[in-house]
Amino acid sequence: MSEFWLISAPGDKTNLQAWERMNTVTSKSNLSSNSKFHIPDLKVGTLDALVGLSDELGKLDSFAESVIKKIAQYIGEVMEDSKDKVQENLLANGVDLISYLTRFEWDMAKYPIKQPLKNISEALAKQVTQIETDLKTRSAAYNNIKGNLQSLEKKTVGNLLTRTLADIVHKEDFVLNSEYLITLLVVVPKSSYVQWQKTYESLSDMVVPRSTKMIAEDAEGGLFTVTLFRKVMDDFKAKARENRFMVREFYFDEKELKCEKEELMKLASDKKQQYGPLLRWLKVNFSEAFVAWIHVKALRVFVESVLRYGLPVNFQAMLLQPNRKSVKRLRDVLNVVFKHLDEVAAASIMEPGMDIPGLQLSNQEYYPYVYFKVDLSLLDRNFSSYTPYLETIP
């Protein structure tokens, strides 16, 4: 299961016994896999600052999660031919995401703990915002090349009535630079080949005899040339249409066809050149954003634990990976083990019908213990939008 619960409770003797009881019950009943989550001694600051920071961290948490989901999904888009290998490219500090999370260690070099909590929060926000900005720029550039290439490639598929003819026709197929004559291209259904050969010279006056030649064929029909005098072109087109022979609006321009071929080759080359550097950037910055996100989670646990359990700072954080089939049972066990921390909240959980004002803080799930969810299902295809962090701050 890719869902984890990051919880905390006071670290005094009574609650340490509660921890032991929880570990014993969850282990025996195979409810979850548990590991300690180590958070260093951070600078507490004032209560007012903690309350304000709690709200900011909630917004930053959602924003950081949305950015890593965006990067993960974009890696999938970029690796269009190797989507089955996307997951193995989603690493944090060189290890898989579950290993990083379960063995989390605070990065003292990136986020020194002697500075105020607000400074750490702002550094994390700045880092993730910059990654999001760079992602927008790089993805826009790559998507532009990819979109233009796909647009040109689409022209090379389809039937002879709609597809580009740049890769089919040749200069020698046409009468060029003539004041009187013109070569037309006509799409003839396969069932009408014989009829075309018998009738094309008589569809109008002034058609050059024996001037037709099939230069391409697909599943539905063939592309034929025919040469005639310019003055009867409109009459020939009308008569051809009556007989289900469709004249393509095409005039041979060697320079234009050469440019179209060169543009296709250039776009394919540009896409290939950008692919490697872009994928490397995505992998590096996915790791950076993910590491930052888990540090935000750690900050949230610290701040909420201090606000909930008071000073001096003394709490134990634990990471639980619930067994998919035992989520409700695990929640019940936690509520029983830790109900002494908040009897009213525990009662409301055990009896869902109870409406106790003030417990649904900021629409977050509320339990007797500090609780945050960490969802690692990063390739959810239904995730399509996210709110930039700066736009969430009033």
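**Figure 1. Trp 5, Trp 19, Phe 338, Tyr 367, Tyr 369 and Tyr 371 make up one aromatic cluster**. The view is taken from a predicted model of the protein. The charged end of Arg 331 is placed over the ring of Trp 5, at 3.8 Å from the ring centre. The charged end of Arg 331 also sits over the ring of Tyr 371, and here the distance to the centre is 4.3 Å.

**Figure 2. Phe 37 and Phe 104 form a stacked aromatic pair**. In the whole structure, a search finds 19 aromatic pairs. In the pair formed by Phe 37 and Phe 104, the ring centres are 4.8 Å apart and the angle between the planes is 5°. Phe 37 belongs to the loop between strand 2 (32-36) and helix 2 (47-78), while Phe 104 belongs to the loop between helix 3 (97-102) and helix 4 (117-154); the pair therefore ties together parts that are 67 residues apart in sequence. Phe 37 and Phe 104 are both buried.

**Figure 3. Trp 196 and Phe 224 form a tilted aromatic pair**. The pair is described as tilted because the planes of the two rings stand at 50°, with the centres 6.0 Å apart. Trp 196 is located in helix 5 (residues 193-199) and Phe 224 in strand 7 (residues 221-229), so this pair links parts that are 28 residues apart in sequence. Both Trp 196 and Phe 224 are buried.

**Figure 4. Helix 7 covers residues 254-309**. The helix contains 56 residues, and the distance from its first C-alpha to its last is 79 Å. This span is close to the 82 Å expected at 1.5 Å a residue.

**Figure 5. Asp 253 and Gly 310 are found at the two ends of helix 7**. Asp 253 caps the N-terminal end of the helix: one of its side-chain oxygens lies 3.1 Å from the backbone nitrogen of Lys 255. After helix 7 comes Gly 310, which has a positive phi, near 80°.

**Figure 6. The protein chain is divided into domain 1 and domain 2**. Domain 1 consists of residues 3-150 + 267-381, and domain 2 of residues 171-251. Between the C-alpha centres of domain 1 and domain 2 there is a distance of 68 Å.

Key:
Residues are numbered from 1 along each chain as its sequence is written. This is a predicted model: local features need pLDDT of at least 70, side-chain atom pairs count only at pLDDT 80 or more; totals for chains, interfaces and linings use all residues. Side-chain values use heavy atoms; hydrogens and water are left out. Rings of Phe, Tyr and Trp (its six-membered ring) pair if their centres lie within 6.5 Å; planes under 30 degrees apart count as stacked, over 60 as edge-to-face and the rest as tilted. Helices (H or I, at least four residues) and strands (E, at least two) are DSSP runs, numbered from the N terminus. Buried means under 20% relative accessible area, exposed over 50%, partly exposed in between (1.4 Å probe, protein chains only). A charge sits over a ring if NZ of Lys or CZ of Arg is within 6 Å of the ring centre and within 35 degrees of the ring normal. The expected span of a helix is 1.5 Å times one less than its number of residues. A polar contact is a pair of N or O atoms within 3.5 Å; within protein, one must be able to donate a hydrogen and the other to accept it, and residues adjacent in sequence count only if both atoms are side-chain atoms. Domain bounds come from an automatic or database domain assignment.
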